[in-house]
Structures are given as structure tokens and as C-alpha cells.
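Here are my notes on this one, written for someone opening it for the first time. Have a look at the structure, then read the points in order.

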Amino acid sequence: MFSFHHVFDHPMARGFQSRFSTQYRCYSVSMLAGPNDRSDVEKGGKIIMPPSALDQLSRLNITYPMLFKLTNKNSDRMTHCGVLEFVADEGICYLPHWMMQNLLLEEGGLVQVESVNLMVATYSKFQPQSPDFLDITNPKAVLENALRNFACLTTGDVIAINYNEKIYELRVMETKPDKAVSIIECDMNVDFDAPLGYKEPERRSQNKEEPTEEGGDTSSYADMDTGFRAFTGSGNRLDGKTKGIEPSPAPLAASDIKRGIPNYDFKVGRITFIRNSKPQPRKIAEEDDTMNRFIAFSGEGQSLRKKGRKP
């Protein structure tokens, strides 16, 4: 059990009283003693620190939420995190396994912990480290739910999220407005890059080109199935004799094929029914006009008496 209170009472340290900075020996969460299962720490980006850290932080003029910068001076690797609880043994902090991998730390390695202020995130881009991430129905919703256990993001880190009892790793490709951002109570746009090792499916090239509207090749229409054609069957006689050779459907000629004419007057939201009707002869058209001209009381009367006979 050792205390850090005397460090901040030193005259040279009075100028840094608004900044928390110390070293801890780090261990993975599986090494945390206690009856409770702390697997929730592995699902996020927060660490467990000793109670003395809370005592020092309460004496300093720091901003909330508490965010920290972790640095491995031996490998010159760094990342950022939040704090979950202050229940670790003195001189020890517990980190998620994926965070120790990013820092290239082993069990019992030394890590520098410093308090920092980060800007609020507005954009982030992730690259899944396996094509299996594409099997998720709604990856953005899964990632959004997983990021609730994170406090900040650092460009270059490989974070791990747990979904359906499977671990998915994602590399943070880009963050805005800075390389390290806070994602607590923020409105952040999320984008995905192609997964590592992903290959797009090959598209089959079409060998046959589609015929154009004018001057197109009609040979493909002539080879089509004739289907049903009226009055092309064979006849049967009552005496049982065959009636010559059974006729076969004549092949379609290119001239027999009628293609549709587009409606150039088409308007969106309007349906037009075009019916192919033959033009009526001129005489029939005139008779129809006369029949349609109705004039009241213009009929001729009929008499029961014949003309020329006296009653």
C-alpha cells in the first residue's frame, strides 16, 4: 500500500496539479480477484483503477467525464480510455485484453496513465478485420450498441466487440475532429471500410449484346418458341381415316414480329390505355353520325287506312 499524496506537495509539482499522471502495473481483467465475473470490462474501453487514483483526481481541477491517455514507453504505443471503477489494488490497474494488445503490454507491465481532455467525436470510420462481420444483419446497430461501453476512440486502435458469443475486431481507420475523440453523449456519423481480406464477387460478362431499337438483329426473335397458334392442329375423320399429313406450325418470319411502340407522351402518375382499333369505313362512319343526330318529333306517322279507298 503506497500513496502519491507527497508527490503533489512538492514545489515543482504545484504547476501540474490540474493534471493526473502516474504509473501502474497493468493486468488483464481475468486476473482481477473477486467472486464476481467482470467480463463486462472486456466488452468496452474502460479500465479499473485503485482507490488512491480517485482520491487524487478529486483533489485536482479536472473535467468530467474522466478520460485518460495510456502510454507504453517501451514500445512507444499509446491509446485512450475511460474509467469504470476504482476497486483495484494499489499500484495496479486492470485493462481489457484488446487494449493490452494495442499497447504491446504483457501481464505486469508498466503503463503511464495521464488525464486528458478530448474533443467530442463527429465522424469515425472502421475496418472489420474479418469478412465474417458482413454476416451481421445490421452492423451499424450492433456497433452503436457496443460503443455504449466505450468512452473514447483512438485512430489506429483495434477494438473488440462481442456479438452473439463471437468476438469481432475492428480497426479505427479515422476519427474527426481529432485522432483521439470522446464518444460520450455525441452525435457521430459511422462509416465502414471494406473488411480485411474481402474480395468482391466476380461479375459475369454478357457475351450477347442486347439489340437496339432500330436496325437490331431479329434472328433471336425468329428462334423463339412459337407457343400457341390458332388452327394449326390436325383434324380427325368419323371413319377413322387420317386426313393427310399433320401440319406443323410455320416458323415465324422477321416481318411477322411486331414490337411495341413506346408512349412518348408518358407522364409520371398518369396511366394511358391504348387500344388498337381498325379505322371504320367512311360510309359506316357517316351512318353513325346520322344515327347520333337525334331530333325530337321528327319521325313519320303511320295510318291504318290505306290511301285511295273510301271508308
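1. Glu 114, by contrast, has 14% relative accessibility and counts as buried. These two residues form a salt bridge, with their closest N and O atoms 2.3 Å apart; the term stands for a side-chain nitrogen of Lys or Arg within 4 Å of a carboxyl oxygen of Asp or Glu. The pair links distant parts of the chain, 95 residues apart: Arg 19 sits in the loop between helix 1 (5-8) and strand 1 (21-28), and Glu 114 in strand 6 (residues 109-116).

2. Before going on, a word about what you are looking at. This is a predicted model, in which local features need pLDDT of at least 70 and side-chain atom pairs count only at pLDDT 80 or more, while totals for chains, interfaces and linings use all residues. Residues are numbered from 1 along each chain as its sequence is written, and side-chain values use heavy atoms, with hydrogens and water left out.

3. Now the overall picture. The chain has six helices and 13 strands; these are DSSP runs numbered from the N terminus, with helices being H or I of at least four residues and strands E of at least two. Of its 311 residues, 29% count as buried. Among contacts (heavy atoms within 4.5 Å) with a separation of 6 or more, 76% are between residues 24 or more positions apart.

4. Next, find the open sheet of four strands, ordered 10-11-8-13 with mixed pairing. Two strands pair if DSSP finds at least two bridges between them. Strand 10 (158-163) and strand 13 (189-192) are the edges, each pairing on one side only. On average, neighbouring strands here are turned by 35° against each other, direction ignored. Helix 4 (residues 139-146) packs on this sheet and touches strand 8 (123-128), strand 10 and strand 13; the helix direction makes about 125° with that of strand 13. For such angles, axes are lines fitted to C-alpha atoms, for helices over the stretch in contact, and values run from 0 to 180 degrees between N-to-C directions.

5. Strand 10 and strand 11 (residues 166-176) pair in the antiparallel sense over six bridges. What is the bridge partner of Val 158 in strand 11? That would be Arg 171.

6. Back to the charged pairs: how many salt bridges does a search of the whole structure find? The count is four. One of them joins the side chains of Lys 166 and Asp 132 (3.4 Å, N to O). Lys 166 belongs to strand 11 and Asp 132 to the loop between strand 8 and helix 4, 34 residues apart. Lys 166 is partly exposed at 35%, and Asp 132 is partly exposed at 33%. Lys 176 and Glu 174 also meet in a salt bridge, at 3.9 Å from N to O.

7. Last, the cysteines. The search finds zero disulfides, a disulfide being a pair of cysteine sulfur atoms within 2.5 Å. Cys 152 is buried, with a relative accessible area of 5%, whereas Cys 186 is partly exposed at 27%.

Key
Buried < 20%, exposed > 50% of the residue type's maximum accessible area, 1.4 Å probe, protein only.
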